[in-house]
Amino acid sequence: MHMAFLCPICEQQTQCECDDRTATLQCGHCDWKRPIPEDAISRGAIQTCVACGCEDLWKQRDFPLWLGISIVAFATILSTIAVALYENTWALGILMAFGLLDYVFYAIMPDVLVCYRCRARYRHSADENAIPRFNHETAERYRQEELRLGQSANPATLTQDTHSQQD
């Protein structure tokens, strides 16, 4: 299975291949290493995040966000030009064509698994169907956890927040 993650030390994007036999995960840019628990990968299927140990993963289509936004922006510009030229049929046709293009991309793109905590991405996992789609409650729980950890790591932030609430 192919894995991409941000190194917790140097914060560089690192990519690697891992499977049941892989014993350690290491960054290709610095000396950071992490032993992979034996139960993290079972028969080619990811059970827990190899990078951070989180048990919560979600499944999404492996489609670059920048490309999706570019397609929507291009469709918007073209349809706006068509409306400005009083070609409403063309404007609607453009939007429908780009909607069909979006559907085709959605249908043919494979799934990728993403960790809620560290955003590590796993491609070609054996049992992707067992992982649910994105859950907003779970994502919010991890976002709140990250905020609490950030505030506890910086006591000055806590003091400033306390003083600003009293004013």
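## Asp62

Asp62 counts as buried because its relative accessibility is 16% (buried is under 20% relative accessible area, exposed over 50%, partly exposed in between, with a 1.4 Å probe and protein chains only). The residue sits in the loop between β7 (57-61) and α1 (65-84); helices (H or I, at least four residues) and strands (E, at least two) are DSSP runs numbered from the N terminus.

The side chains of Asp62 and Arg121 are joined by a polar contact of 3.4 Å (a pair of N or O atoms within 3.5 Å; within protein, one must be able to donate a hydrogen and the other to accept it, and residues adjacent in sequence count only if both atoms are side-chain atoms). Beyond four places in sequence, Asp62 is in contact with Met109, Pro110, Asp111, Val112, Arg121 and Arg123 (heavy atoms within 4.5 Å).

## Model and confidence

This is a predicted model, in which local features need pLDDT of at least 70, side-chain atom pairs count only at pLDDT 80 or more, and totals for chains, interfaces and linings use all residues. Residues are numbered from 1 along each chain as its sequence is written, and side-chain values use heavy atoms, with hydrogens and water left out.

The protein chain averages a pLDDT of 83, and 91% of the residues score at least 70 (pLDDT is the predictor's confidence in each residue, from 0 to 100). Among the elements, α1 has the highest mean pLDDT (93) and helix α4 (residues 155-166) the lowest (48). Over residues 157-167, pLDDT stays under 50, and the model has 3 contacts beyond four places in sequence for them. Where pLDDT is low, predicted coordinates should not be read in detail.

## Ile108

Ile108 is found in helix α2 (residues 88-108). It counts as exposed because its relative accessibility is 58%.
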